[in-house]
Amino acid sequence: MKEQDIDRFVKLIYTAPLGDYIGRDGAELLIGCLSDDPIVTLKKGELLYRKGDIAENFFVVIEGRLARVRENHTPEQESIVHVLEKGDLVGEINFFDGTPRSLTVRAMEDASVLRFEAEHVKPALMKNPQIMYDFMRAVIKRANHVAATIAEHEMELQRYILNAGRQRH
């Protein structure tokens, strides 16, 4: 990988929400864990991974937008659960908890992501417990944010249903 790409990827992680927790040292450590071919390029509509896949890696969005989706029979019937943009982590929760992917991730437009493989990342994080701790804080904060957002949407839906029922009488 070229030196300019390394600098660009360190900056991407450092300036993303994850960087608030792991700092520049953590960003450099993660970028140092990349394999020789870390960039995954996706065309619009292409899958990054499917629900049920084994999580042996996680990703950071470099460009484009991806959607976490609940699959139905066709892509047109999918339910978008969350939109991911530049700097966002993708698949990190399943990566760390060792469970299969819980949702499918599809490119909403042409996109590219950095792929971090378990075989490179786990040993580096185990040797750097502070960065591991900080990384996990970032993951937990994001999980809490997603849970809070879902709870808000559920309340909005309940209010809508209750109010719609009252308007009919």
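The crossing of helices α1 and α2 is right-handed, a term used when the near helix is turned clockwise from the far one by less than a right angle, left-handed being the anticlockwise case. The structure is a predicted model, in which local features need pLDDT of at least 70 and side-chain atom pairs count only at pLDDT 80 or more, whereas totals for chains, interfaces and linings use all residues. Residues are numbered from 1 along each chain as its sequence is written, and side-chain values use heavy atoms, with hydrogens and water left out.

The axes of α1 (residues 3-15) and α2 (residues 19-32) come within 8 Å and cross at roughly 155°. Helix α1 is therefore roughly antiparallel to α2, the description applied to angles over 145 degrees. Residues I6, F9, V10, I13 and Y14 of α1 meet a set of α2 residues that includes I22, A27, L30 and I31, where contact means heavy atoms within 4.5 Å.

In helix α4 (residues 118-127), the buried residues are A118, V121, A124 and L125, buried meaning under 20% relative accessible area, exposed over 50% and partly exposed in between, with a 1.4 Å probe and protein chains only. Seen down the axis of α4, these buried residues fall within an arc of 150°, so they line one face of the helix, the arc being that of the directions from the helix axis to the C-beta atoms. On the other side of α4, E119, M126 and K127 are exposed.

Residue E152, which lies in helix α5 (residues 129-167), counts as partly exposed because its relative accessibility is 46%. The C-alpha atoms of E152 and K127 are separated by 39 Å, the two residues being 25 residues apart along the chain.

Methods:
Helix = DSSP H or I, 4+ residues; strand = E, 2+ residues; numbered from the N terminus. Axes fitted to C-alpha atoms, helices over the stretch in contact; angles between N-to-C directions. Parallel < 35°, antiparallel > 145°, perpendicular 65-115°, else oblique.
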